[in-house]
Amino acid sequence: MVVSVIIAAAYVLDRLIGDPRWIPHPVIGMGKGITLLEKGIRGRWQSPQALKRAGLILPLCIAGGAYGITWLLIAGLAILHPWLAIGAEIILLATTIASKGLKDAGMAVYQQLVQGNLPAARQELGMIVGRDTNELDEPEITRGAVETVAENIVDAIISPLFYALLGGVPLAMAYRAVNTLDSMVGYKNEKYKDLGWASARLDDVANYIPARLTALLLFIAAWLNGNSVSGSIQAVRQDARQHPSPNSGYPEAAVAGALGIRLGGYNVYHGVRSFRAYMGQPLEQLQAEHIRRTVRLMFVVCNLFVGLCLAVTVIWLLIA
């Protein structure tokens with residue numbers, strides 16, 4: 001009962017205030033810890049084999065440390081007063097999700113497109129994607145924003161709430177540490193292919209169930225919003241596994257099919273052109289309105305998940 005209420009309260013708190021810059025964010029501390037640990041590892045080991053073995057140290061220390069510190073903090077506050085611990089859990093869990101931040105980022109691109117300000121829209125998109133944006137037109141800007149919002153429904157919202165439901169706020173914070181590790185060292189380039197392999201693999205495993213659960217919730221959200229449920233299901237069945245990520249294709253394909261648009265295609269990274277598998281069918285031309293509709297789908301999915309958590313708890317209490 002308490003966990004579900006904490007999840008609901010944390011989600012409402014994030015919807016209301018997001019991540020104010022004046023409040024220290026745990027991810028910043030995780031990032032500093034990752035940087036220091038990486039420096040220490042590279043100072044001691046240099047060979048590819050040694051770095052691969054040392055790659056296990058990063059998730060063990062960072063994710064394990066995030067879990068342990070969060071557990072100790074909550075346990076210590078519980079000794080002082082149970083309500084202090086509950087309040088801390090709500091605040092800490094809210095820092096692991098980013099529904100407001102994701103909405104604000106997507107809608108910032110949308111607003112600039114609606115105003116016809118392509119340079120500003122490219123700049124806003126460039127703050128949330130890694131691809132080059134300085135030559136993109138409205139459909140490609142829209143695609144970038146829709147892909148970002150759709151993909152991050154999983155790791156920025158559903159996954160941390162899912163792990164909070166399974167193991168409380170400490171497990172949600174450990175998940176956020178895993179996700180932060182992946183974003184910092186989980187690359188297949190020359191620098192991180194050895195040291196970051198364990199972090200990348202663990203992130204894939206951690207998001208496996210939440211990504212597929214998100215796709216199911218998107219089917220329901222599409223039905224509630226009057227979008228194409230059959231198109232969403234078909235896109236996931238046909239296209240999700242074509243995505244280079246084992247998980248990101250599920251929310252992207254589900255959104256693409258629901259809205260009747262095609263995601264994926266050619267992106268440019270630091271001047272190098274690369275192709276990402278297509279998701280969905282181009283029944284509609286990409287335009288700014290699809291960003292707003294994606295954000296709406298995101299919030300319906302979030303509401304469904306939080307409502308499901310509360311419903312399961314109520315049913316459990318009634319049965320017990």
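Buried means under 20% relative accessible area, exposed over 50%, and partly exposed in between, using a 1.4 Å probe and protein chains only. This is a predicted model, where local features need pLDDT of at least 70, side-chain atom pairs count only at pLDDT 80 or more, and totals for chains, interfaces and linings use all residues. Residues are numbered from 1 along each chain as its sequence is written, and side-chain values use heavy atoms, with hydrogens and water left out.

**View 1. The whole fold, for orientation.** The protein has twelve helices and two strands, taken as DSSP runs numbered from the N terminus (H or I with at least four residues for helices, E with at least two for strands). In sequence order the pattern reads α-α-α-α-α-α-α-α-α-α-α-β-β-α. The radius of gyration is 20 Å, close to the 20 Å of the globule rule for 320 residues, so the protein is as compact as a globular protein of that length. Here the radius is taken over C-alpha atoms, and the rule is 2.2 Å times the number of residues to the power 0.38. The C-alpha trace spans about 60 × 55 × 40 Å along its principal axes, and buried residues make up 49% of the 320.

**View 2. Y163 and Y175, a stacked pair.** Searching the whole structure turns up five aromatic pairs (rings of Phe, Tyr and Trp, the last by its six-membered ring, with centres within 6.5 Å; planes under 30 degrees apart are stacked, over 60 edge-to-face, the rest tilted). One of them joins Y163 and Y175, stacked at 5.6 Å centre to centre with 15° between the planes. Y163 counts as buried at 15% relative accessibility, and so does Y175 at 3%. Ring pairs also bring in F162, making a cluster of F162, Y163 and Y175.

View 3. The rings of F275 and Y278 pair edge-to-face, 5.2 Å between centres and 85° between planes. F275 is partly exposed at 44% relative accessibility, and Y278 is partly exposed at 33%. R262 lies over the face of Y278, 3.8 Å from the ring centre; a charge sits over a ring if NZ of Lys or CZ of Arg is within 6 Å of the ring centre and within 35 degrees of the ring normal.

**View 4. R212 over Y208.** Here's another charge over a ring: the charged end of R212 sits over Y208, 3.6 Å from the ring centre.

**View 5. I17 in helix α1.** I17 sits in helix α1, residues 2-17. With a relative accessible area of 42%, I17 is partly exposed.
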